[in-house]
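Subject: Structure for you to look through

Dear colleague,

Please keep the model open while you read, and look up each residue as it is named.

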Amino acid sequence: MNARVSDYVTPWTSAHLAVEHEDAETLAGLLAGGADPDEVFSNMTLLTHAIESEGQSSLQSGEPLTVHTTAVLLAFGADPSLADPDGRIPVEMADFYDHHPAVKLLQAHISRRACDSR
């Protein structure tokens, strides 16, 4: 029997696929249409996945870090403190990739949430 890639790989959700391709426009459309900004798939939240994808993309291409998908997720209410199933929180993922733009954005959203809850 010939094995196929599809036999071994679980297809990603549409939102995670948009994150993987750093397609902020498609991601925003999915979130506006009701996709959960805190969705978990393959041991990553959308937010930890976005930070990982942005960090990996920069490492592989040598281009500057972007923060587009991270910003879209936060704008649609993703929880900047939510740990993924492996216990990684977004700021830890951003620190791992030296993703300073994401760290600043996450810290701003965490601070804003703290002020709003008072």
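The side chains of Arg88 and Asp86 meet in a salt bridge, with 3.5 Å from N to O, where a salt bridge is a side-chain nitrogen of Lys or Arg within 4 Å of a carboxyl oxygen of Asp or Glu. Side chains of opposite charge can pair when their charged atoms come close. Arg88 also meets Asp84 in a salt bridge, at 2.7 Å from N to O, and by this rule the count comes to two salt bridges. Because they share partners, these salt bridges join Asp84, Asp86 and Arg88 into one network.

Before going further, please note that this is a predicted model, in which local features need pLDDT of at least 70 and side-chain atom pairs count only at pLDDT 80 or more, while totals for chains, interfaces and linings use all residues. Residues are numbered from 1 along each chain as its sequence is written, and side-chain values use heavy atoms, with hydrogens and water left out.

Asp84 is buried at 4%, whereas Asp86 is partly exposed at 48% and Arg88 is partly exposed at 29%.

Contact here means heavy atoms within 4.5 Å, and helices (H or I, at least four residues) and strands (E, at least two) are DSSP runs, numbered from the N terminus. Thr48 is buried, with a relative accessible area of 0%. His49, which is also placed in helix 3, is buried at 2%, and its contacts, leaving aside neighbours within four places in sequence, are Trp12, His16, Val19, Glu20 and Met44.

Turning to helix 6, which side of it is buried? Its buried residues are Ala102, Val103, Leu106 and His109, and they cover an arc of only 135 degrees around the axis (taken from the directions from the helix axis to the C-beta atoms), which puts them on the same side of helix 6. On the other side of helix 6, His100 and Lys104 are exposed. The buried residues of helix 6 pack against helix 3 (46-61), helix 4 (68-75) and helix 5 (90-96). As for its length, the 17 residues of helix 6 (residues 100-116) should span 24 Å at 1.5 Å a residue, and the end C-alpha atoms are 24 Å apart, which agrees; the expected span is 1.5 Å times one less than the number of residues.

Helix 4 has the buried residues Thr69, Thr70, Val72, Leu73 and Leu74, and these pack against helix 1 (14-20), helix 2 (24-32), helix 3 and helix 6. After helix 4 comes Gly77, whose phi is positive, near 95 degrees.

The largest nonpolar core has 20 residues, and those with the most contacts inside it include Leu27, Leu73 and Leu106; such a core is a set of buried Ala, Val, Leu, Ile, Met, Phe, Trp, Tyr and Cys residues joined through side-chain atoms within 4.5 Å. Helix 3 gives the most to this core, with four residues. Leu27 is in contact with Ala15, Ala18, Val19, Thr69, Val72 and Leu73, again leaving aside neighbours within four places in sequence.

The structure holds one aromatic pair, formed by Phe96 and Tyr97, which is edge-to-face with 5.0 Å centre to centre and 85 degrees between the planes. Rings of Phe, Tyr and Trp (its six-membered ring) pair if their centres lie within 6.5 Å, and planes under 30 degrees apart count as stacked, over 60 as edge-to-face and the rest as tilted. Phe96 is exposed at 64%, whereas Tyr97 is buried at 11%.

Finally, Asn43 has a positive phi of about 65 degrees although it is not a glycine, and Asn43 lies in the loop between strand 1 (40-41) and strand 2 (44-45).

With best wishes

Terms used: Buried < 20%, exposed > 50% of the residue type's maximum accessible area, 1.4 Å probe, protein only.
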